[in-house]
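Here's a quick tour of a protein model. Have a look at the sequence and the fold, then read on.

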Amino acid sequence: MANNQAKKGIVIDYDAIANQESFKSLVRRKNSFLWSITVIFLSAYMLLPILTSYTTILHQKAFGEITWVWIYSAGLFIMTWGLCHLYVAKANNFDREAKAIIAEYENGGGRR
């Protein structure tokens, strides 16, 4: 993309884009989402070794000879896939918003 811009003689003022309120809002929402999903992911994963090492909660039988640790572990795989799908959906939305911000800049909305 940079090569196409250089060939066309387009000069992009990245500081102007970064100063647009719409860009700042997008960055805040994106960072909020990413930190939230990271905390959820790490908390769920770190809880497994803590619960298995320091408590006996997950050592109880759930179904026949299957203990809760196996169910929790399987749930981590399901959670990982779910968070990946959620991330992709949100990233696509963020990409659409970024394109709108670039269009706003190109239409003179962010230029000084």
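## Before we go on

This is a predicted model, where local features need pLDDT of at least 70 and side-chain atom pairs count only at pLDDT 80 or more, while totals for chains, interfaces and linings use all residues. Residues are numbered from 1 along each chain as its sequence is written, and side-chain values use heavy atoms, with hydrogens and water left out.

## The second largest pocket

Its lining includes Phe23, Lys30, Tyr87 and Asp95. α3 (21–54) and α4 (68–106) are the elements that give two or more residues to this lining. (Helices are DSSP runs of H or I, at least four residues, numbered from the N terminus.)

## The largest nonpolar core

There are 15 residues in this core, and Leu76 and Met79 touch the most other members. At least two residues each come from α2 (14–19), α3 and α4. Such a core is a set of buried Ala, Val, Leu, Ile, Met, Phe, Trp, Tyr and Cys residues joined through side-chain atoms within 4.5 Å.

Leaving out residues up to four places away in sequence, Leu76 touches Ala44, Tyr45 and Leu48; contact means heavy atoms within 4.5 Å.

## Leucine 51

Leucine 51 sits in helix α3. Why is leucine 51 counted as buried? Because its relative accessibility is 16%, and buried means under 20% relative accessible area (1.4 Å probe, protein chains only).

Beyond its neighbours within four places in sequence, leucine 51 contacts Thr56, Ile57 and Leu58. Valine 69 is 18 residues from leucine 51 in sequence, and 8.9 Å away in space, C-alpha to C-alpha.

Methods: 1 Å grid on protein atoms, 1.4 Å probe; cavity = no way out; pocket = protein on both sides within 12 Å on 5 of 7 lines; lining within 4 Å. Buried < 20%, exposed > 50% of the residue type's maximum accessible area, 1.4 Å probe, protein only.
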